[in-house]
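Here are my comments on the model you sent. Please read them with the structure open.

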Amino acid sequence: MFSQSKVALGYILSVIFLLVAFTLAITVGSVQVPFGEMLRIFAGAGNRDSLDPMFSSIVLDIRFPRVVLAGLVGASLAIAGASFQGLLKNPLADPYTLGVSSGASVGAVAVIFLGITIPGLGGFTLPVVSVVAALLTLIVVLGFARFVEKSMKMETIILTGIIFSSFLGSILSLMIALTGDELRQIITWLLGSVSMRGWDYIRLIAPFFVTGSLLLIWNARELNAMAFGEDRAHHLGVNVQVRKYVVLASGSILTGAAVAVSGTIGFVGLVVPHMVRMATGSDHRHVLPLSILNGASLLIVCDLIARTVVAPTELPIGVITALLGAPVFGLILIQKRKERRG
Amino acid sequence: MLKATGVSGGYGEQDVVKNVSFELQKQEILGILGPNGSGKTTLMKMISGLLPCREGAVHYKEKPLSAYSAKQLAREVAVLPQLHQHAFDYTVRETVAMGRYPHQKGMFAPWTEHDEKAVMDAMKQTGVERFEHQSIQDLSGGERQRVFLAQALAQEPKLLLLDEPTNHLDLSYQKQLLDLLKEWTETHELTVISIFHDLNIASLYCDRLLLLHHGETVQLAEPGNVMNKETVERVYNARVHTQSHPELPKPQVTLLPNHGFEKTGLITKDLFEITGDHVYVKTPQSLKTLSSAVIGAGLGWYHHFVNRHVPMDYECDDSYEDMVRYAAHNGWNPADTVGMMTAVKVEDVIIREYEDNGLSVVIAVTAGVGNAVDVSLSYERERQATIGTINSWIFINGKLSDEAFIQAMMTATEAKVKALQNADVKDPLTGTLATGTSTDSALVAATQTGPFVQYAGSITPLGKMIGKGIVECTSEAIRIYRERKSR
């Protein structure tokens, strides 16, 4: 039973989780920032002269932008995952398992390592190309899955996603080999990171995050209907053709922008919506906002772990999310199999 | 309200539905029937606007379907699909509430009192309100089917389209669902189009039936006109028998399997077991039987046949129950037994065999004429049931039509009357010639294998044997009865 109070509790706990994650990520690290100092820095951010210059520099110039970026990336991936799952009626779908992240990576790598700039877009060339690459990948993956099997079973879609992931991965390797850059740098980027990006990257992702999220939340009720199948949604009065592409495009916008600023970070879009659904039910009017909150929190925590667990070495954040996400992926698969048999 | 004109269409190159036309009356239930692959579901998709028509058009309230947006159409037309798996667990309430989608305007549409009422009503009508807060994944197939019906009803549609709504439902919910729909056609001015697999259910509930075959209309008419033997056999390519519903003027179809399942054997004199208590026959196979017995009366299939002797002063409040006990006591399944009673000494039974050209008959008669009645003057009598009686059994090794059964009964009765006249049996009250006794009973049972007998009137081969046999056996039985009396 998913009552109103349970949903309200979900929001309260999610906000608390976000605040805790934020506070930890700001204060914990090679240099510990006292909690009181953190509050004073945020309260008096306008006037840095009165603050401890080392603490304020660490918090405002290094950790704060890093945490915000992690939060935005996590939120983007989580809500994109939630919407892909609803639209495809597939709890295993997320930007990573669908191969959309890989597609966006190819776009991003092309821009970064080939140094392409599209006239008129300037710095936004990177996210725009990523978004377009993400959308193209998604359309091709879904088209291929439908071609393989008209009913588009859960496993077929994921298998197609994996095939395309591998394929796009090789293209990435090929591009990297041809550019002659050092492989390690690329691989680190591919496994995802939100370090040393600064406010520029936040400015890059923010408009895409806002646009994509609003579009998806605007379509929450339609996603509810489409979770029962496109035909059913049509009969309930949903303009399926339009809504479907709005959702796919929004998911691609969010994924593409996230990949452009942080590389491929897997499984956030799988784990977070799954947890949210278990706690509060499947109504997308709540699943989507709650996925934003908890996706942000989760990635902030993962980033904190990534930079502290084997300090001073920093792990790629994708390693942490994969460690968390792959077992959850397995669990959902087993669960769904059982359901179908039972 | 809905009108399809020359509708053709399908998925690939080939049209699955070809030139189908119909016009739906308000508050009508139209059933779509047809074998697998006949285009029922495709037609439904075109009616609901999911699939465009390649040729022809579907109009709803004088406007083509394409003139409606999905939302506008969903306010008028609801669809109950065939059941399928769902990935996420919505609660029953959430699921039903989605039916209000077409009535809500904008993203932050308020949940109105009317929305709430429509959802509650729909849940109540379909009996799912007690699952309100449960996940639909925890429900059985039938319960889930009802949840989606509630969702469709929450749309407050004028027209409801159903694709095999009774799938997954047990008998009682099938009836409940269809009764509910029938009721809504009257109380809510609902109009229904439904695909049915079950011809008999369709016949019971639909005002008209549209029978499809290879995507073409075979017939569009009332059930009585569509469900005739020839049409059903041709379209479904299966042997069937049609008859009317026992209590309603609606046709029903019964399948006829290609192979009989029972061993067969001829009915002969030797099968009869005669004791002081009863005359009993156990037949090698079930016999189709028409009788006026105490148990196993009417038309049915039976294995055991008993004519039980009871004392002259036999009095029992419930002779039916007593007969059932008697059968069970003797190890005969009462549901499989035809049982009669007589006060006559049953060891005096006359059993004779008759044969003509491959058709054979066994006739058994017990007769007592103490209560002889002249039926032409019986209105002068008080009603009284006493047990002095003529019980006539006719077993036929042949396949009889329904009309042959009735004529066999007539012929046997005529023969019995003749036998009584020949024996000069008189009604003791009126002193006129008797035509029978007050509690006569008769039985015609046939193996339904062997030669086919269409008629059994008095000059047919079977009628001749029955006439001769009944007269002979009854006369002989009366002679012995009188002998015993005069002793």
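1. Basis. This is a predicted model: local features need pLDDT of at least 70, side-chain atom pairs count only at pLDDT 80 or more, and totals for chains, interfaces and linings use all residues. Residues are numbered from 1 along each chain as its sequence is written, chains are lettered from A and ligands numbered from 1 in the order in which they are written, and side-chain values use heavy atoms, with hydrogens and water left out.

2. Interface, extent. Contact (heavy atoms within 4.5 Å) involves 33 residues of chain B and 31 residues of chain A. The two chains bury about 2800 Å² between them, 58% of it on carbon and sulfur atoms. Buried area is the accessible area (1.4 Å probe) that two parts lose on being put together, summed over both.

3. The rule finds zero salt bridges between chain B and chain A. A salt bridge needs a side-chain nitrogen of Lys or Arg within 4 Å of a carboxyl oxygen of Asp or Glu. By contrast, 11 residue pairs are in polar contact across the interface, both residues at pLDDT 80 or more. A polar contact is a pair of N or O atoms within 3.5 Å; within protein, one must be able to donate a hydrogen and the other to accept it, and residues adjacent in sequence count only if both atoms are side-chain atoms.

4. Helices (H or I, at least four residues) and strands (E, at least two) are DSSP runs, numbered from the N terminus.

5. Helices α4 and α6 of chain A. Helix α4 (residues 100-114) and helix α6 (residues 154-179) pack at about 10 degrees, with axes 9 Å apart. That makes α4(A) roughly parallel to α6(A) (angles under 35 degrees). Among the contact residues are A:Val106 and A:Phe113 of α4(A) and A:Leu168 and A:Met175 of α6(A).

6. Salt bridges. The count over all chains is 29. One pairs A:Arg243 with A:Glu222, the closest N and O atoms being 3.2 Å apart. A:Arg243 lies in helix α11 (residues 240-262) of chain A and A:Glu222 in helix α9 (residues 220-226) of chain A, so the pair ties together parts that are 21 residues apart in sequence.

Note on methods:
Axes are lines fitted to C-alpha atoms, for helices over the stretch in contact, and angles run from 0 to 180 degrees between N-to-C directions. Angles under 35 degrees count as roughly parallel, over 145 as roughly antiparallel, 65 to 115 as roughly perpendicular and the rest as oblique.
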